[in-house]
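Please look at how the two ligands are held by the protein in the model below. The report takes each ligand in turn and then the space that surrounds them.

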Amino acid sequence: MEIQEKDCTIPRHVALIMDGNGRWAEERHRPRLFGHKAGVDSVREVVETARSLGIEVLTLYAFSTENWNRPEGEVSGLMGLLKNYLRSELRTMLRNGIRLNCLGLPQRLPEDVRTVLQQTIEETRSCTAMTLNLALNYGSRSELLVAIQAIARQCLEGSLDWHSLTEETLSAHLFTAGQPDPDLVIRTGGENRLSNFLLWQASYAELYFTEIKWPDFRKEQFMEALYSYSKRQRRFGKTGAQVVTG
Ligand code: IPE
Ligand code: IPE
Ligand code: MG
């Protein structure tokens with residue numbers, strides 16, 4: 001059965017852990033980078049689908065703080081793919097009103113990647129149809145630590161009063177400041193873990209894990225995840241009856 005948009009509740013923010021590229025390539029007796037390349041086509045299709053469904057924020061986990069520990073050739077291959085992707089997508093992003101945002105500290109990225117990333121962020125700054133967060137050199141613990149350091153400094157300097165700190169204060173110091181929290185976190189590739197992804201922001205997200213490896217995750221599989229999300233009851237601590245009667 002092909003799932004239609006009318007059968008789905010559309011979340012405001014969907015976050016994706018794009019996993020399984022390496023195993024997808026290994027199954028085909030090809031180098032891991034072949035899987036990463038195929039994964040770029042899934043990125044294009046999922047971004048286009050999210051935009052046409054009216055999803056406000058789409059977050060893609062593209063490179064974690066832990067991924068620097070991979071072999072050098074794989075890291076530089078991934079950085080090259082990222083640069084090409086950003087270069088080739090700028091026109092499409094502008095046409096479709098997609099604003100690019102980076103979650104993570106770009107300092108550690110190679111200079112050529114950083115340059116094209118900053119340019120794309122600048123040029124898409126006034127786009128309003130959808131925000132595309134690319135999590136690059138992203139780790140949730142490091143994000144929280146940086147936020148706490150900034151808050152502590154402001155408290156010491158006197159511009160913040162620690163008595164008045166709220167959950168919103170912390171949210172406002174994260175890379176996702178001003179954005180709604182993810183409603184749905186999807187992980188492809190068969191692993192059931194979060195791998196240091198949006199630990200604060202996803203505290204009430206619905207989780208969807210699929211065996212499908214990222215290069216095979218296309219519009220149809222995305223719609224299936226949205227359909228599954230639509231069937232769930234988000235209770236936020238209340239009883240089911242309370243949620244039904246509002
Ligand atoms: C996800 O695919 C892409 C990145 C982490 C950059 P993997 O490369 O982790 O693929 P597997 O998990 O080894 O199959
Ligand atoms: C998570 O995938 C990071 C990204 C998708 C960018 P990994 O493949 O790096 O995760 P682990 O190490 O298996 O948990
Ligand atoms: Mg993996």
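How far does a polar side-chain atom of Arg70 lie from an oxygen atom of ligand 2? The distance is 3.2 Å, which falls under the definition of a polar contact, a pair of N or O atoms within 3.5 Å (within protein, one must be able to donate a hydrogen and the other to accept it, and residues adjacent in sequence count only if both atoms are side-chain atoms).

This is a predicted model, in which local features need pLDDT of at least 70 and side-chain atom pairs count only at pLDDT 80 or more, while totals for chains, interfaces and linings use all residues. Residues are numbered from 1 along each chain as its sequence is written, chains are lettered from A and ligands numbered from 1 in the order in which they are written, and side-chain values use heavy atoms, with hydrogens and water left out.

**Ligand 2**

The residues around ligand 2 (those with a heavy atom within 4 Å of the molecule) include Ile17, Met18, Asp19, Tyr61, Ala62 and Phe63, as well as Arg70, Arg187, Arg193 and Ser195. Strand 2, residues 57-64, gives the most to this shell, with 3 residues; helices (H or I, at least four residues) and strands (E, at least two) are DSSP runs, numbered from the N terminus. By class the shell divides into 5 nonpolar, 2 polar and 4 charged residues, where Ala, Val, Leu, Ile, Met, Phe, Trp, Tyr, Cys and Pro count as nonpolar, Asp, Glu, Lys and Arg as charged, and the others, Gly among them, as polar.

| Ligand | Residue and part | Distance |
|---|---|---|
| Ligand 2 | Arg187, side chain | 3.3 Å |
| Ligand 2 | Ser195, side chain | 2.6 Å |
| Ligand 1 | Gly20, backbone | 3.4 Å |
| Ligand 1 | Asn21, backbone | 3.2 Å |
| Ligand 1 | Arg23, side chain | 2.7 Å |

**Ligand 1**

Taken alone, ligand 1 exposes 380 Å², of which the protein buries 87%; accessible areas come from the Shrake-Rupley method with a 1.4 Å probe, and for residues only the protein chains shown count as cover. Of the 13 residues around ligand 1, Met18, Asp19, Arg23, Arg32 and Arg70 come nearest. Helix 1 supplies the largest share of that shell, 3 residues, and the shell as a whole has 3 nonpolar, 5 polar and 5 charged residues.

**The pocket**

Ligand 2 sits in the largest pocket, and the space taken by ligand 1 is also the largest pocket; a molecule sits in a pocket if more than half of its atoms lie within 2 Å of its grid points. On a 1 Å grid over the protein atoms alone, a pocket is an open set of points where a 1.4 Å probe fits, with protein on both sides within 12 Å along at least five of seven lines, and lining residues have an atom within 4 Å of a point. The lining comprises 32 residues, of which Met18, Asn21, Tyr61, Ala62 and Asn67 lie nearest the centre of the pocket.
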